[in-house]
Amino acid sequence: MSEQQPTPSSGRNLDPWYSNYARRTAGLTVSEVRALFAVASRPEVVSLAGGSPYVAGLPEDLIRSAFDRMLREHGPEALQYGGGQGIPQLRERILDLMAIEGITDASADDVVTTTGSQHAIDLITKLFIDPGDVILVESPTYVGALGTFKSYEADVRHVEMDADGLDPAALTEAIHAARAEGKQVKFLYTVPNYNNPTGVTMPMSRRREILDLCIREDVLILEDNPYGLLYFEEPAPNALRSLDAEHVLYMGSFSKILSPGVRVGYVLAPHGIREKLILAVESSILSPSTFNQWLVTEYLETADWRGQIDTYRGIYRERRDAMLRALEEYLPQLSWTVPAGGFFTWVQLPPGLDSKQMLPRATTELVAYTPGSGFYADGRGHDKMRLSFCLPEPERIRLGVRRLANVINNELELLETFGDVTGAGEIETRFSSAPPNLQ
Ligand code: PMP
């Protein structure tokens, strides 16, 4: 046992195996989204916090018939181990999905299926990142990716965004700054469609600019696109990957267009990376679930999946509208993004309010949201919050925003009275019994 490491008896940690853990596990901290689940899932709380899709919008018989057919036609294979790359039949069907977003030059041989795209993020980070390596990300970015990057001890750097997504000048600067320090940028991670958490979408002109820049600078792009097909009016611009096959690693998922419970995602990779990725899958899980892959394959081959995506789009559009109308009605003094698809809007709070500090008060008022700081690796975001409109019914969304308005207006009154919300000692004491996982 190394002398520098705290010992189990040092009292610093109750876990007796504390000193045995690898150094990188220091990055494995509870995400703000995860910590919220326990509180936000109480039925009396309107949760505008999580990113769970509305699976009740998926007719049960669509799944049941795919399930029956799978067992009838492919039972033995579905119950057996499979290959690390994923089953060819599903990889063929994935080509149909990607073609909708302009990716028409791919072959099923370039696709690797994974256990959700979170698994893909993990494997790709494992392939590319040594401790201290630079990953560039949007500002803010998906909390789950940040958690993974941290767990591999990456040096995560945010690149500023504007209303069109990543700012090319800021990206150039970030690449040059890393190089000036003698560091290589291992990849740029981006969610160009209906970004989590901001809801922002990169228009085609910006995609071309970012791609040209990355080609010029020889930077690999990790394009994460779980929401692209969930547009509300116009389809999203074609994927970055549709413009270039060599500089873009593309990730998709069935979580939002079918169900997250099936845990099926996929990667479209340049040839060399694909090879490494298959080895990484095998060393991690041998093979992704054949059972679930066959279920998704049968669903794609027999159900009206395009119609089901239309249904989801209608549901989420109605909820987005309910959210925006409620914000206009109850919180007109705030500003927020207007997402053209996906699950989220990103709200800017008035000066002086801190979304993380305010959360226990919000849950007391039976509404939950995700504090903005979870989406930054560098401690920013306290003046922002993510509101999701994917799960609650429109009426509940309205109720949630009304409750949130009460909380925010109370905070603003306190701010006016005390000059500082945190300085209001009485309030701090009153809420000091908030669950520890919300701190
Ligand atoms: N990327 C983004 C941007 C996400 O929002 C999510 C889920 N919230 C994921 C990846 C992970 O999705 P899954 O593993 O379910 O495919």
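Between the two domains, 31 residues of domain 1 are in contact with 30 residues of domain 2, contact meaning heavy atoms within 4.5 Å. The model is predicted, so local features need pLDDT of at least 70 and side-chain atom pairs count only at pLDDT 80 or more, while totals for chains, interfaces and linings use all residues. Residues are numbered from 1 along each chain as its sequence is written, and side-chain values use heavy atoms, with hydrogens and water left out.

**Exercise 1.** Locate the two domains and describe what lies between them.

*Solution.* 
- Step 1: Domain 1 consists of 24-51 + 308-438, and domain 2 covers 60-302; such bounds come from an automatic or database domain assignment.
- Step 2: Taken over C-alpha atoms, the domain centres are 27 Å apart.
- Step 3: The size of an interface is often given as the accessible area lost when the parts come together. Here about 2,700 Å² is buried between the domains, with 62% of it on carbon and sulfur atoms; the area is taken with a 1.4 Å probe and summed over both parts.

**Exercise 2.** Find the salt bridges between the domains, and the part of domain 1 that gives the most to the side touching domain 2.

*Solution.* 
- Step 1: A salt bridge needs a side-chain nitrogen of Lys or Arg within 4 Å of a carboxyl oxygen of Asp or Glu. Two are counted between domain 1 and domain 2.
- Step 2: Glu233 and Arg320 form a salt bridge through their side chains, at 2.8 Å from N to O.
- Step 3: Helix 10 (305-330) and strand 12 (344-348) each supply at least two residues of the side of domain 1 that touches domain 2. Helices (H or I, at least four residues) and strands (E, at least two) are DSSP runs, numbered from the N terminus.
- Step 4: With seven residues, helix 10 gives the most to that side.

Technical notes: Buried area = accessible area lost by both parts, 1.4 Å probe.
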